[in-house]
Amino acid sequence: MRASLRYASRRDWADVARDLKPVYTAVNEDEARQRLADFDATWGKRYPSIAGTWQRAWSEFVPFLGLPDAIRQVVYTTNAIESLNARYRRAAQACGHFPNEQAALKRLYLATLALDPTGRGRQRWNNRWKSALNEFDVLFDGRLTAGRE
């Protein structure tokens with residue numbers, strides 16, 4: 001979406017985002033292609049690069065359509081993911097280098113646990129992610145909850 005809005009005028013952002021939403025909320029690839037064609041028919045003359053951006057990244061976008069709705073909803077908004085990635089970068093750079101992969105994974109694990117040291121934000125986080133966590137656990141065959149019984 002950000003790559004798409006880069007080519008649009010600021011005053012059109014809301015309309016462009018509204019018209020692109022059916023593309024990434026489509027049920028399958030065929031429907032998404034049709035929605036992108038509809039978008040291109042509406043905005044193609046004014047902003048031809050937007051549809052081209054989606055078409056060039058189509059192979060990376062299609063696996064997203066195969067995800068369950070609960071997972072899609074948490075992936076739509078990437079603020080939490082970007083915040084987590086920033087914390088991971090900070091934790092890794094503070095150490096400099098790691099003697100082995102396990103040391104790096106341990107550092108990232110501890111950085112993840114330190115996200116909410118008081119535990120007050122956990123309930124708010126869980127409410128938004130509860131259904132997605134269930135879907136992740138099913139999708140990844142219990143690897144998410146392994147060892148936490």
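Here are some questions and answers about the predicted model shown above.

Me: Before we start, how are residues numbered, and which pLDDT values are needed?
Reply: Numbering runs from 1 along each chain as its sequence is written, and side-chain values use heavy atoms, with hydrogens and water left out. This is a predicted model, where totals for chains, interfaces and linings use all residues, side-chain atom pairs count only at pLDDT 80 or more, and local features need pLDDT of at least 70.

Me: How many helices and strands does the protein have?
Reply: Helices (H or I, at least four residues) and strands (E, at least two) are DSSP runs, numbered from the N terminus. Along the sequence the pattern reads α-α-α-α-α-α-α-α-α. The count is therefore nine helices and zero strands.

Me: In which helix is confidence highest?
Reply: The predictor's confidence in each residue is called pLDDT and goes from 0 to 100. The protein averages 85, and 87% of the residues score at least 70. Confidence is lowest in helix α9 (residues 122–139), at a mean of 73, while the highest value, 96, belongs to helix α3 (residues 29–43).

Me: What percentage of the residues count as buried?
Reply: A residue is buried under 20% relative accessible area, exposed over 50% and partly exposed in between, using a 1.4 Å probe and protein chains only.

Me: How do the rings of Trp58 and Phe61 form an aromatic pair: stacked, edge-to-face or tilted?
Reply: Rings of Phe, Tyr and Trp (its six-membered ring) pair if their centres lie within 6.5 Å; planes under 30 degrees apart count as stacked, over 60 as edge-to-face and the rest as tilted. Trp58 and Phe61 are both buried and both lie in helix α5 (residues 58–65), three residues apart, about one turn of the helix. Their centres are 5.1 Å apart with 55° between the planes, which makes the pair tilted.

Me: Why does the pair of Phe136 and Phe140 count as stacked?
Reply: The ring centres of Phe136 and Phe140 are 6.1 Å apart. The pair is stacked because the angle between the planes is 15°.

Me: Which residues do ring pairs link into a cluster?
Reply: A search of the whole structure finds five aromatic pairs. Ring pairs join these residues into a cluster: Trp54, Trp58, Phe61 and Phe64.

Me: Which residue does the side chain of Asp12 join in a polar contact?
Reply: Asp12 sits in the loop between α1 (2–5) and α2 (13–24), and counts as buried at 5% relative accessibility. A polar contact is a pair of N or O atoms within 3.5 Å; within protein, one must be able to donate a hydrogen and the other to accept it, and residues adjacent in sequence count only if both atoms are side-chain atoms. At 3.3 Å, the side chain of Asp12 meets that of Arg46.

Me: Which backbone oxygen does the side chain of Thr53 reach?
Reply: Thr53 is found in helix α4 (residues 48–56) and is buried, with a relative accessible area of 15%. At 2.8 Å, its side chain reaches the backbone oxygen of Ser49.
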